[in-house]
Amino acid sequence: MLKWVKYIGVALPLLGIAVESHWVNVVLLPFLGGVVFGLFATRRDLLLSPIAVLAPIAAVLLYYAAIDLPRLMRFIYLFPLFVLLWIVFWAVFFTLGALAGRLLSQKIKT
(Lines give C-alpha, C1' and ligand atoms only; values in the text may rest on other atoms or scores of the structure.)
Protein backbone atom coordinates (compact mmCIF):
# COMPACT_ATOMS: atom_id res chain seq x y z
CA MET A 1 0.00 0.00 0.00
CA LEU A 2 2.79 2.44 0.83
CA LYS A 3 4.16 2.14 -2.71
CA TRP A 4 1.12 4.00 -3.99
CA VAL A 5 1.27 6.81 -1.43
CA LYS A 6 4.01 8.54 -3.43
CA TYR A 7 1.54 9.08 -6.27
CA ILE A 8 -0.57 11.19 -3.93
CA GLY A 9 2.44 13.51 -3.88
CA VAL A 10 2.33 13.71 -7.68
CA ALA A 11 -1.35 14.70 -7.53
CA LEU A 12 -0.94 17.17 -4.64
CA PRO A 13 0.03 20.17 -6.84
CA LEU A 14 -3.36 19.82 -8.55
CA LEU A 15 -5.00 21.20 -5.40
CA GLY A 16 -3.78 24.59 -6.56
CA ILE A 17 -6.99 24.93 -8.52
CA ALA A 18 -8.75 25.71 -5.22
CA VAL A 19 -6.22 28.39 -4.21
CA GLU A 20 -5.92 31.75 -5.90
CA SER A 21 -2.48 32.64 -4.55
CA HIS A 22 0.16 32.15 -7.23
CA TRP A 23 3.06 31.40 -4.88
CA VAL A 24 1.02 28.58 -3.34
CA ASN A 25 0.25 27.17 -6.79
CA VAL A 26 3.76 27.42 -8.17
CA VAL A 27 5.99 26.91 -5.13
CA LEU A 28 4.32 25.50 -2.03
CA LEU A 29 2.07 22.77 -3.43
CA PRO A 30 4.69 21.31 -5.80
CA PHE A 31 7.23 21.35 -2.96
CA LEU A 32 4.82 19.61 -0.56
CA GLY A 33 3.91 17.12 -3.26
CA GLY A 34 7.60 16.45 -3.79
CA VAL A 35 8.12 15.88 -0.07
CA VAL A 36 5.32 13.31 0.01
CA PHE A 37 6.72 11.70 -3.13
CA GLY A 38 10.25 11.64 -1.70
CA LEU A 39 9.20 10.16 1.65
CA PHE A 40 7.98 6.99 -0.02
CA ALA A 41 10.19 6.92 -3.12
CA THR A 42 13.13 4.69 -3.84
CA ARG A 43 16.40 6.09 -5.15
CA ARG A 44 15.39 5.27 -8.72
CA ASP A 45 12.04 7.03 -8.25
CA LEU A 46 13.88 10.06 -6.96
CA LEU A 47 15.82 10.31 -10.22
CA LEU A 48 12.52 10.16 -12.09
CA SER A 49 10.85 12.92 -10.05
CA PRO A 50 11.34 15.64 -12.71
CA ILE A 51 9.54 13.35 -15.15
CA ALA A 52 6.85 12.45 -12.61
CA VAL A 53 5.85 16.10 -12.25
CA LEU A 54 5.00 16.20 -15.95
CA ALA A 55 1.83 14.19 -15.20
CA PRO A 56 0.12 16.96 -13.18
CA ILE A 57 1.39 19.58 -15.64
CA ALA A 58 -0.24 17.64 -18.46
CA ALA A 59 -3.42 17.25 -16.39
CA VAL A 60 -3.64 21.02 -15.86
CA LEU A 61 -3.08 21.73 -19.54
CA LEU A 62 -5.68 19.12 -20.54
CA TYR A 63 -8.14 20.60 -18.05
CA TYR A 64 -7.77 24.08 -19.50
CA ALA A 65 -7.87 22.69 -23.03
CA ALA A 66 -11.17 20.96 -22.25
CA ILE A 67 -12.63 24.11 -20.70
CA ASP A 68 -11.59 26.68 -23.32
CA LEU A 69 -9.01 25.61 -25.90
CA PRO A 70 -8.90 28.91 -27.88
CA ARG A 71 -8.28 30.89 -24.69
CA LEU A 72 -5.50 28.47 -23.64
CA MET A 73 -3.86 28.68 -27.05
CA ARG A 74 -4.08 32.49 -27.02
CA PHE A 75 -2.50 32.58 -23.54
CA ILE A 76 0.32 30.26 -24.62
CA TYR A 77 0.84 32.35 -27.76
CA LEU A 78 0.91 35.67 -25.87
CA PHE A 79 2.77 34.53 -22.75
CA PRO A 80 5.03 31.60 -23.62
CA LEU A 81 7.58 32.73 -21.03
CA PHE A 82 4.99 32.50 -18.22
CA VAL A 83 4.03 28.99 -19.30
CA LEU A 84 7.67 27.95 -19.48
CA LEU A 85 8.43 29.46 -16.06
CA TRP A 86 5.38 27.74 -14.57
CA ILE A 87 6.58 24.37 -15.86
CA VAL A 88 10.16 25.00 -14.71
CA PHE A 89 9.08 26.16 -11.24
CA TRP A 90 6.82 23.13 -10.79
CA ALA A 91 9.63 20.79 -11.86
CA VAL A 92 12.30 22.49 -9.71
CA PHE A 93 10.24 22.77 -6.54
CA PHE A 94 8.80 19.26 -6.92
CA THR A 95 12.31 17.86 -7.34
CA LEU A 96 13.62 19.84 -4.36
CA GLY A 97 10.70 18.59 -2.31
CA ALA A 98 11.41 15.02 -3.40
CA LEU A 99 15.03 15.41 -2.30
CA ALA A 100 13.91 16.85 1.03
CA GLY A 101 11.41 14.02 1.49
CA ARG A 102 14.08 11.42 0.71
CA LEU A 103 16.45 13.00 3.24
CA LEU A 104 13.65 13.05 5.83
CA SER A 105 12.84 9.40 5.18
CA GLN A 106 16.51 8.49 5.68
CA LYS A 107 16.54 10.37 9.00
CA ILE A 108 13.31 8.69 10.11
CA LYS A 109 14.67 5.22 9.28
CA THR A 110 17.85 5.73 11.28
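I started with a pair of helices: α2 passes α6 in a right-handed crossing. By class, I get 17 nonpolar, seven polar and one charged residues in that contact. A reminder to myself: this is a predicted model.

Next I looked up the geometry of the pair. The axes of α2 (residues 22–39) and α6 (residues 80–109) come within 6 Å, and they cross at roughly 35°.

Then I went to the largest nonpolar core. How many residues does the largest nonpolar core have? I find 13, and those with the most contacts inside it are Phe37, Trp86, Trp90 and Phe94. The elements giving two or more residues to this core are α2, α5 (54–78) and α6. Helix α6 provides the largest share, four residues.

I checked the neighbours of Phe37, leaving out residues up to four places away in sequence. Phe37 touches Lys6, Gly9, Val10, Asp45, Ser49, Ala52, Phe94 and Ala98.

On to the rings. My search of the whole structure turned up seven aromatic pairs. One of them joins Trp86 and Trp90: this pair is tilted, at 5.1 Å centre to centre with 50° between the planes. Those two tryptophans are about one helical turn apart, because they sit four residues from each other in helix α6.

Are they buried or exposed? Trp86 has a relative accessible area of 19%, so it counts as buried, the cut-off being under 20%. Trp90 is buried too, at 3% relative accessibility.

Last entry: Phe75, Phe79 and Phe82 form one aromatic cluster.

Terms used
Residues are numbered from 1 along each chain as its sequence is written. This is a predicted model: local features need pLDDT of at least 70, side-chain atom pairs count only at pLDDT 80 or more; totals for chains, interfaces and linings use all residues. Side-chain values use heavy atoms; hydrogens and water are left out. Axes are lines fitted to C-alpha atoms, for helices over the stretch in contact, and angles run from 0 to 180 degrees between N-to-C directions. A crossing is left-handed if the near helix is turned anticlockwise from the far one by less than a right angle, and right-handed if clockwise. Ala, Val, Leu, Ile, Met, Phe, Trp, Tyr, Cys and Pro count as nonpolar, Asp, Glu, Lys and Arg as charged, and the others, Gly among them, as polar. A nonpolar core is a set of buried Ala, Val, Leu, Ile, Met, Phe, Trp, Tyr and Cys residues joined through side-chain atoms within 4.5 Å. Buried means under 20% relative accessible area, exposed over 50%, partly exposed in between (1.4 Å probe, protein chains only). Contact means heavy atoms within 4.5 Å. Rings of Phe, Tyr and Trp (its six-membered ring) pair if their centres lie within 6.5 Å; planes under 30 degrees apart count as stacked, over 60 as edge-to-face and the rest as tilted.
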